[in-house]
Amino acid sequence: MSAESRPFEGQVALVTGASRGIGAATAKALAAAGAHVILVARTAKDLEAIEEAIFAAGGTATIAPVDLAEPEGIARLATAIGTRWDALDILVINAAVLPVLTPVWQIEQRDFMRALTLNILATQALIMGFDRMLKKSADPRVVGVTSSVGASPRAYWGAYGSSKAAFDNLLESYALETRGTSKIRVAVVDPGATRTAMRAKAYPGEDPLTVKEPEVVADRIVAMLGEFFASPHRERVNPPA
């Protein structure tokens, strides 16, 4: 294939939540563009299915099963990856958990804590764990997959929305801290209504065929990663015309 069809040849990308939905679609799209993709999610069996699909399409990938909510999991992941590769070119932070939709005064603390742990604390731990490797890349990029409820509060979405508001703030703060001292560029992407398991959980009565497929979001993320964007950058992926 030509360099034009594989613009990320020789680059290493890590995608969290890579076993399904937007994460899986993004991992496949990055591999198709030439990147070696490190697939991160909790379940090895699910990751192996994505890895096999990438190999079948002519790409390369490595699975890294880890529970990002486990306190030491991300540190072990960063150490393992750092022993194999010197630099990380692309970090896509996609893994997230949706707590039960409920009024703020009825939020179950354990459910809320898991969302905060995965959606916020794991994000900071990923940045801390891979900052050194990102700074060794010639063109380091970080993408965080967010939700519109982080910027626009919505009734019954307080637990998830507040976790995503903090997620956005954390990533954009990192962008401001690094843009004058490194080549790191950070983008926050709101996928909009997308056909995922999380969407089905939140909108059980919705016809999934009325919302766009994860591949639409993945294609936009990969296209954006190949473009110049100022850091911090934020955009929403709209349905195809």
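**Exercises on a salt bridge and a helix**

R195 has a relative accessible area of 29% and is partly exposed, that is, between the limits for buried (under 20%) and exposed (over 50%), with a 1.4 Å probe and protein chains only. The model is predicted: local features need pLDDT of at least 70, side-chain atom pairs count only at pLDDT 80 or more, and totals for chains, interfaces and linings use all residues. Residues are numbered from 1 along each chain as its sequence is written, and side-chain values use heavy atoms, without hydrogens and water.

**Exercise 1.** Determine which parts the salt bridge of R195 and E213 ties together.

*Solution.* 
1. The side chains of R195 and E213 form a salt bridge at 3.3 Å, N to O; the criterion is a side-chain nitrogen of Lys or Arg within 4 Å of a carboxyl oxygen of Asp or Glu.
2. R195 lies in the loop between β6 (185-190) and α7 (197-202), and E213 in the loop between α7 and α8 (214-225), so the pair links parts 18 residues apart in sequence. Helices (H or I, at least four residues) and strands (E, at least two) are DSSP runs, numbered from the N terminus.
3. E213 is partly exposed, at 39% relative accessibility.
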